[in-house]
Amino acid sequence: MKKPTITVIGSLNMDLVIVAARFPNQGETVLGERFLTTPGGKGANQAVAAARLGANVQMIGAVGDDSFGKELIRSLQNEGISVHCVKPVTHQHTGIASITISEQDNRIIVVPGANHALTIEDINECESAIAESDVCLLQLEIPIPVVERAVAIAHRHGVRIIVNPAPAQPLPSLVLEQASFLTPNEHERAILFAGMDEEAFVDRLIVTEGAKGVRIWQEGQERLIPSFQVPVVDTTGAGDTFNGALAVALAEGNTLEEACRFANAAAALSVTKLGAQAGMPRRQEVESFLSKQRESQ
């Protein structure tokens with residue numbers, strides 16, 4: 001099978017991760033158990049997930065001209081991801097995310113930095129890369145006008161578009177209308193369609209519901225694709241793994257149901273390890289996991 005080409009347009013962050021026995025209360029200091037820095041950002045995470053699952057991936061984004069930025073670019077290159085559309089900027093620091101992990105959950109603060117220096121002109125310069133893609137995958141840690149422009153270009157070239165509306169915020173009508181799929185979680189879904197009738201969009205909605213699974217609609221009929229039960233170490237990056245895997249499976253011609261099951265398996269494996277990108281599985285791991293699941297049924 002020919003490898004699909006996925007273009008990911010989004011954020012690149014350095015994750016500053018603290019593991020603790022419990023979250024501190026307001027005004028309280030607690031001792032942590034572990035600290036690490038690891039490449040992250042929803043865009044870069046989804047690019048890594050797609051690359052490890054067998055796609056040719058190209059990244060469009062921005063980093064600062066600093067040590068974190070250089071490290072993030074090297075990290076993507078090591079995953080075989082094309083970075084010719086990743087722009088180093090001198091007037092902003094590389095984006096960071098402060099992540100605290102405890103009690104099988106996480107709390108995250110993102111400082112966008114250079115991610116907000118990505119411009120419409122940058123997207124225009126990368127139009128040929130977008131046009132040659134099987135799927136274009138976007139999130140909302142970059143400026144919304146940039147997302148809107150990228151969606152318009154991909155739509156004009158007949159490229160399938162997945163928009164992961166995170167962090168949650170209202171979207172321009174063009175994005176809602178031209179996206180092939182929208183992949184909010186339950187919280188993001190409520191914000192995305194606040195004051196709107198979502199019925200017009202349900203056949204393009206893929207709602208991730210954590211341990212319960214993924215909710216889809218086909219010809220107006222609702223269906224839950226169950227998740228897989230696994231021991232949870234770190235949920236950071238599970239949603240990004242899901243989106244990267246979904247893009248790959250859809251680009252390979254799978255049905256929506258098949259693609260969601262594949263993405264559920266990838267996301268399940270990702271939470272069994274610490275770190276967003278560190279926990280992302282490779283293709284053989286996912287196929288082996290799915291094979292064992294079928295045998296146990």
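**View 1. The buried residues of helix α9.** In this predicted model, the buried residues of α9 are L256, A259, C260, F262, A263, N264, A265, A266, A267, A268, L269 and S270; "buried" stands for under 20% relative accessible area, "exposed" for over 50% and "partly exposed" for anything in between, using a 1.4 Å probe and protein chains only. Because 12 of the 15 residues of α9 are buried, this helix is largely enclosed by the rest of the structure. Its cover includes β10 (181-182), β11 (206-208), β12, β13 (221-226), α8 and α10. Helices (H or I, at least four residues) and strands (E, at least two) are DSSP runs, numbered from the N terminus, and contact means heavy atoms within 4.5 Å. From its first C-alpha to its last, α9 reaches 21 Å, close to the 21 Å expected at 1.5 Å a residue; the expected span is 1.5 Å times one less than the number of residues.

Two notes apply to every view. Residues are numbered from 1 along each chain as its sequence is written, and side-chain values use heavy atoms, leaving out hydrogens and water. As this is a predicted model, local features need pLDDT of at least 70 and side-chain atom pairs count only at pLDDT 80 or more, while totals for chains, interfaces and linings use all residues.

**View 2. The largest nonpolar core and its neighbour.** How many residues does the largest nonpolar core have? The number is 51, and V57, I206, L246 and C260 have the most contacts inside it. Helix α9 gives the most to this core, with 10 residues. Apart from it lies another core, of 34 residues, among them I123, V147, V151 and V159. A nonpolar core here is a set of buried Ala, Val, Leu, Ile, Met, Phe, Trp, Tyr and Cys residues joined through side-chain atoms within 4.5 Å. In soluble globular proteins, nonpolar side chains tend to be buried together. Take V57: leaving out residues up to four places away in sequence, V57 touches I6, V8, A47, A50, A51, G80, I81 and S82.

**View 3. I216 in strand β12.** I216 lies in β12 and is buried, with a relative accessible area of 0%. The C-alpha atoms of I216 and T183 are 9.7 Å apart, although 33 residues separate the two along the chain.

View 4. Beyond residues up to four places away in sequence, T38 touches N13, M14, D15 and V17.

**View 5. Helix α5 and the residue that follows.** The 13 residues of α5 (residues 144-156) should span 18 Å at 1.5 Å a residue, and the end C-alpha atoms are 18 Å apart, which agrees. I144, V146, V147, A150, V151, A152, I153 and A154 are buried in α5. Among the elements covering them are β1 (5-9), α3 (120-125), α4 (127-131), β8 (135-138), β9 (160-163) and α6 (173-178). After α5 comes G158, with a positive phi near 70°.

**View 6. The largest pocket.** About 1200 Å³ of space lies in this pocket. On a 1 Å grid over the protein atoms alone, a pocket is an open set of points with protein on both sides within 12 Å along at least five of seven lines, a cavity is a set where a 1.4 Å probe fits but cannot get out, and lining residues have an atom within 4 Å of a point. Grid points are joined across faces, edges and corners, and a volume is the space filled by probe spheres set on the points. Of the 46 lining residues, T235, G237, A238, G239 and D240 lie nearest the centre. Helix α8 gives the most, with five residues. The lining divides into 18 nonpolar, 20 polar and eight charged residues; Ala, Val, Leu, Ile, Met, Phe, Trp, Tyr, Cys and Pro count as nonpolar, Asp, Glu, Lys and Arg as charged, and the others, Gly among them, as polar.

**View 7. The second largest pocket.** This pocket has a volume of about 200 Å³, and its lining is A249, E252, N254, E258, R261, F262, R283, E287, L290 and R294. Helix α10 gives the most, with four residues. By class, the lining has three nonpolar, one polar and six charged residues.

**View 8. The largest cavity.** The volume of the largest cavity is about 30 Å³. Which residues line the largest cavity? They are L12, P39, G40, A44, L72, S75, L76 and Q277. The largest share, three residues, comes from α2.
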